[in-house]
Amino acid sequence: MIDIRFLRENPDVVRENIKKKFQDSKLPLVDEVIALDEELRASKKKADDLRANRNKVSKSIGALMGQKKFEEAEEAKKLVSRQADELAALEAKEAELNEKVQKIMMTIPNIIDPTVPIGKDDSENVEVERYGEPVVPDFEIPYHTEIMERFNGIDLDSARRVAGNGFYYLMGDIARLHSAVISYARDFMIDRGFTYCVPPFMIRSGVVTGVMSFAEMDAMMYKIEGEDLYLIGTSEHSMIGKFIDQIIPEASLPQTLTSYSPCFRKEKGAHGIEERGVYRIHQFEKQEMIVVCKPEDSAAWFDKLWQNTVDLFRTLDIPVRTLECCSGDLADLKVKSIDVEAWSPRQKKYFEVGSCSNLGDAQARRLKIRYKAQDGKPTLAHTLNNTVVAPPRMLIAFLENNLNDDGSVNIPEALRPYMGGKEKLVPTV
RNA sequence: GGAGGCAUAUCGAAGCGGUCAUAACGAGGCUGUCUUGAAAACAGUUUGGUUCUGAAAGCCCACGGGGGUUCGAAUCCCUCUGCCUCCGCCA
């Protein structure tokens, strides 16, 4: 959500930005919202004047009553009453206009960073850099569920009976590997100075509507029946929620947090649940990082954030690449975004394992996340978030890349302390 | 889950339908005077807002959130949320 004052003063910049994102159908909204905003402010002014008058007269009534001038007081009451209808009408108009303006402002995309490549959709995203050799071994890499099954590590049949499609039982070494990756990722981020945090796994509707649109909510969030609570789709929801409506002391910025949570997603829409395996599922776990910082620091933090994920995957011997999101594929709230993709030797291509985003002040504006700047003025902060690691999807990359010809799986050194010192997992089947 | 109480600025706290509520009174922060420096004392200053303005001054809105009653609400009513005390239950 951009600043309406910025839009008022720089409509051309906003239009240009819309074009860059190939959302030309939104172009008329710019003039529309300018007109509505003008009307809103005019009606606000009028209502304010009426209120000022009402306050003045009402105050005088008090004085008249004090002096026992009851007749004059009655006259004044009538005067105010006569204006009440007009004020009520104006207030209704004000609320209506305000809602319209807000609705449009929500759909006007954030101004993208000048470095964002221009492109229509995800096919035009740009590979930035590869880390590690994308090796294709000379033996066949089975589908990830098959690898897991060799370790008696997964039971999807039972999961379907118990919870339905899109859930899983992880078992034995695979389950341990899952926990190990999360624990390792947690410590990895703590070592890099982030504060570990376990947030609420359910949030109120007020927070949900703050962090996403209705359409997104409908497609993602599970609602708890009879309660005003939703299961989180990512800990970013609770972590950003932590700062809603807050003025953060400047000294405590940047806030650099790494949070663990299970994530619940309906995955309604485009892709849906994949029948086979744990790539797209209703429930997974994620170690996340979020940063709330001053505007001038957000670009530097952005680079540090995705680098963390790259480094983590490299310590687990998984080749990755960074893929920059092009203008058309960039979500409306984002200034810039880079996906971290892991190499799949089975598919001989990279696939998404994490997403790093700089939201500029757009999220902060929507949620009123501010800090007190040097000049004493409350100033909108910048917010960023990135995936550290999200198993079990991440396990797909792990198993495929660390698989040996004999079916065993190497445990990279970094992970061994979390796997009881094992250097290798040997299939049981 | 049951019964009762509470929610006011950075913190504590008064106000309980108008007539010094931006909000008393304490404390803290900042600025200044005094001091070699500090403390103390004294004086001033210290909430926020997609409001208005070239700027200043001023207007409007906000006393946990939302709604209502009233000419007028921090104050009365409804509702939601949070906190405290007691009882019950429980990892």
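The dialogue below goes through one predicted model, from its overall layout to single residues.

Me: What kind of model is this, and how are residues, chains and ligands labelled?

Reply: This is a predicted model, in which local features need pLDDT of at least 70 and side-chain atom pairs count only at pLDDT 80 or more, while totals for chains, interfaces and linings use all residues. Residues are numbered from 1 along each chain as its sequence is written, and chains are lettered from A and ligands numbered from 1 in the order in which they are written.

Me: How many helices and strands are there in chain A?

Reply: Helices (H or I, at least four residues) and strands (E, at least two) are DSSP runs, numbered from the N terminus. Chain A has 13 helices and 16 strands, and its C-alpha atoms fill a box of roughly 100 × 45 × 40 Å along the principal axes.

Me: Into which domains is chain A divided, and how many residues does each give to the contact?

Reply: Domain bounds come from an automatic or database domain assignment, and here they give domain 1 (4–107) and domain 2 (122–425). The C-alpha centres of the two domains lie 43 Å apart. Their contact takes 4 residues from domain 1 and 4 residues from domain 2, where two residues are in contact if their C-beta atoms, placed from the backbone, lie within 7 Å. Within chain A, residues 24 or more positions apart account for 71% of the contacts with a separation of 6 or more.

Me: Is Ser123 buried or exposed?

Reply: A residue is buried if 20 or more other C-beta atoms lie within 10 Å of its own, exposed if 12 or fewer, and partly exposed in between, with C-beta atoms placed from the backbone. Ser123 counts as exposed because it has 9 C-beta neighbours inside 10 Å; its place is in the loop between helix 4 (70–107) and strand 1 (126–131). The C-alpha atoms of Ser123 and Cys325 are separated by 9.6 Å, although these residues are 202 apart along the chain. Val162, in helix 6 (residues 156–162), also counts as exposed, because 10 C-beta neighbours lie inside 10 Å.

Me: How many residues of helix 13 are buried?

Reply: Of the 429 residues of chain A, 38% count as buried, and in helix 13 (residues 393–402) 10 of its 10 residues are buried, including Met394, Phe398 and Glu400.

Me: Which strands pair with strand 11, and over how many bridges?

Reply: Strands of a sheet pair through backbone hydrogen bonds, either parallel or antiparallel. Two strands pair if DSSP finds at least two bridges between them. Strand 11 (residues 349–358) is mostly covered, with 7 of its 10 residues buried, and it pairs with strand 10 (residues 336–344) in the antiparallel sense over 9 bridges. Asp339 has Ser355 in strand 11 as its bridge partner, and in the hairpin of these strands, with 4 residues between them, Lys348 takes a positive phi near 55°. Strand 11 is also joined to strand 14 (residues 382–389), running antiparallel, by 3 bridges, with Asn358 opposite Leu384 in strand 14.

Me: What is the order of the open sheet of 3 strands, and which are its edge strands?

Reply: The order is 3-5-4, with antiparallel pairing, and the edge strands are strand 3 (202–203) and strand 4 (222–223), each of which pairs on one side only. Strand 4 and strand 5 (residues 230–231) run antiparallel and are joined by 2 bridges, and Tyr222 stands opposite Leu231 in strand 5.
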